[in-house]
Amino acid sequence: MSRQSNRTTDNKKMSSELFTLTYGALVTQLCKDYENDEEVNKQLDKMGYNIGVRLIEDFLARSTIGRCQDFRETADIIAKVAFKMYLGITPSVTNWSPAGDEFSLILENNPLADFVELPDNHNTLIYSNLLSGVLRGALEMVQMAVDVKFVQDTLRGDNVTEIRMKFIKRIEENLPAGEE
Amino acid sequence: MADESLFEFLHLEIVSHIFSQQSGKGEMDNKDRAVCISVLEAMGFRVGQGLIERLTRDSPSFKDELDIMKFVCKDFWTKVFRRQVDNLRTNHQGTYVLQDNKFALLTQLSNGKQYLDQAPKYLAFSCGVVRGALSNLGLESVVTAEVSSMPSCKFQVVIQKS
């Protein structure tokens, strides 16, 4: 096996494994700390949100993307730039609602869930729910309130992983509260 | 392939979560801190075990303890922390000190003495990773970390003789 030529790929793969394994250890720990899957899902979402509000700065610094004109452009950037940059995958953007305010990201494979199997007693666990929070937190920092949900999950037997994203509203810059 | 920064973001958030979970019950005393540190260390342990398995799948077995430690300092450290250990010292009696002058998980924290008291929180996981890796290579150990000036860090590994 030629080790030298594969060094860069190996390095990327290893940091990818470090991330995947750490994520798995986190989910395992949360399942131990909280009684039910719902609570774990909530915690994952909350942690994801905290990561997302910081990740967006890293993303904007590294991608030199300007302001998106509309939600469609946002969807494309998320799928083709952000997911590619951070997870090395490019989900497809489909299932647009007629009003253009809702779409799905379809992930053929999910790096977070590499080598993961859900045990039987955790069938309402949304293993990758950190992603929902990350997307929500990141978009909030660019003035978009969105709702993010996993509607299909390969870990729960579906063919693909589908994340549904819905635009709620534009967040106006908040002025400090007056004295009332 | 997950980007390197993702692990760093995740690690920071995990530390923050574990500590805020514990302190949510009121003031944090030393015992609470110790619990948090050991939870983080245990998580790192499992991750270290998994990582070393994948890394050494196709490697030949090691000659001796020192050989294993050198592997950890070079190949393992490079793969996990993106650089080699700068200095390895040993008393040839089971104690090793691994010095990394630019430890990957500390570079974002500070460049010197600022936040020195916070450093242990951010090293617990890594100590566990090292302990887990050694464990799967057949060496039971106790791993602690010491920082006097960030981002330089010394990991002390004491091999437990069974």
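**One residue, then the sheets**

A: A:Ala145 sits in strand S3 of chain A. Helices (H or I, at least four residues) and strands (E, at least two) are DSSP runs, numbered from the N terminus.

Q: Before we go on, what am I looking at?
A: This is a predicted model: local features need pLDDT of at least 70, side-chain atom pairs count only at pLDDT 80 or more, and totals for chains, interfaces and linings use all residues. Residues are numbered from 1 along each chain as its sequence is written, chains are lettered from A and ligands numbered from 1 in the order in which they are written, and side-chain values use heavy atoms, with hydrogens and water left out.

Q: Back to A:Ala145. Buried or exposed?
A: A:Ala145 is buried, because its relative accessible area is 18%. Buried means under 20% relative accessible area, exposed over 50%, partly exposed in between (1.4 Å probe, protein chains only).

Q: Which residues is A:Ala145 in contact with?
A: Skip its neighbours within four places in sequence. Then A:Ala145 is in contact with A:Lys166, A:Phe167, A:Ile168, A:Lys169 and A:Ile171. Contact means heavy atoms within 4.5 Å. Take A:Lys169: it is 24 residues from A:Ala145 along the chain, yet their C-alpha atoms are separated by 5.3 Å.

Q: What order do the strands of chain A have in the sheet?
A: The order is S1-S2-S4-S3, in an open sheet of four strands with antiparallel pairing. Strand S1 (92-94) and strand S3 (144-152) of chain A are the edge strands, and each pairs on one side only. Two strands pair if DSSP finds at least two bridges between them. From one strand to the next, the twist averages 25 degrees. Axes are lines fitted to C-alpha atoms, for helices over the stretch in contact, and angles run from 0 to 180 degrees between N-to-C directions.

Q: How many bridges join S2 to S4 in chain A?
A: Six bridges join strand S2 (residues 102-107) to strand S4 (residues 161-170) of chain A, and the two run antiparallel. A:Leu105 stands opposite A:Ile163 in S4(A).

Q: Which helices lie across that sheet?
A: Helix H3 (residues 71-87) of chain A lies across S1, S2, S3 and S4 of chain A, at about 15 degrees to S2(A). Helix H4 (residues 130-140) of chain A lies across S3 and S4 of chain A, at about 165 degrees to S3(A).

Q: How many residues of H4(A) are buried?
A: Nine of its eleven residues are buried, so H4(A) is mostly covered. Among them are A:Leu130, A:Val134 and A:Leu139.

Q: Switching to chain B. What pattern does chain B follow along the sequence?
A: Chain B reads α-α-α-β-β-α-β-β. That comes from four helices and four strands.

Q: And its sheet?
A: Four strands of chain B form an open sheet, ordered S1-S2-S4-S3, with antiparallel pairing. Strand S1 (87-90) and strand S3 (141-149) of chain B stand at the edges with a single partner strand each, so one side of each has no neighbour in the sheet. Ignoring direction, neighbouring strands are turned by 20 degrees against each other on average.

Q: How do S3(B) and S4(B) pair?
A: S3(B) and strand S4 (residues 152-159) of chain B pair in the antiparallel sense over seven bridges. B:Thr144 stands opposite B:Gln156 in S4(B).

Q: What about the helices there?
A: Helix H3 (residues 65-81) of chain B lies across S1, strand S2 (95-100) and S4 of chain B, at about 15 degrees to S2(B). Helix H4 (residues 119-136) of chain B lies across S3 and S4 of chain B, at about 145 degrees to S3(B).

Q: Last topic: which residues touch the most other members of the largest nonpolar core?
A: A:Phe83, A:Ile163, A:Met165, B:Phe76 and B:Leu98 do, out of 101 residues in that core. A nonpolar core is a set of buried Ala, Val, Leu, Ile, Met, Phe, Trp, Tyr and Cys residues joined through side-chain atoms within 4.5 Å.

Q: What does B:Phe76 touch?
A: Leaving out residues up to four places away in sequence, B:Phe76 touches B:Leu51, B:Ile52, B:Leu55, B:Phe71, B:Phe81, B:Val129 and B:Ala133.
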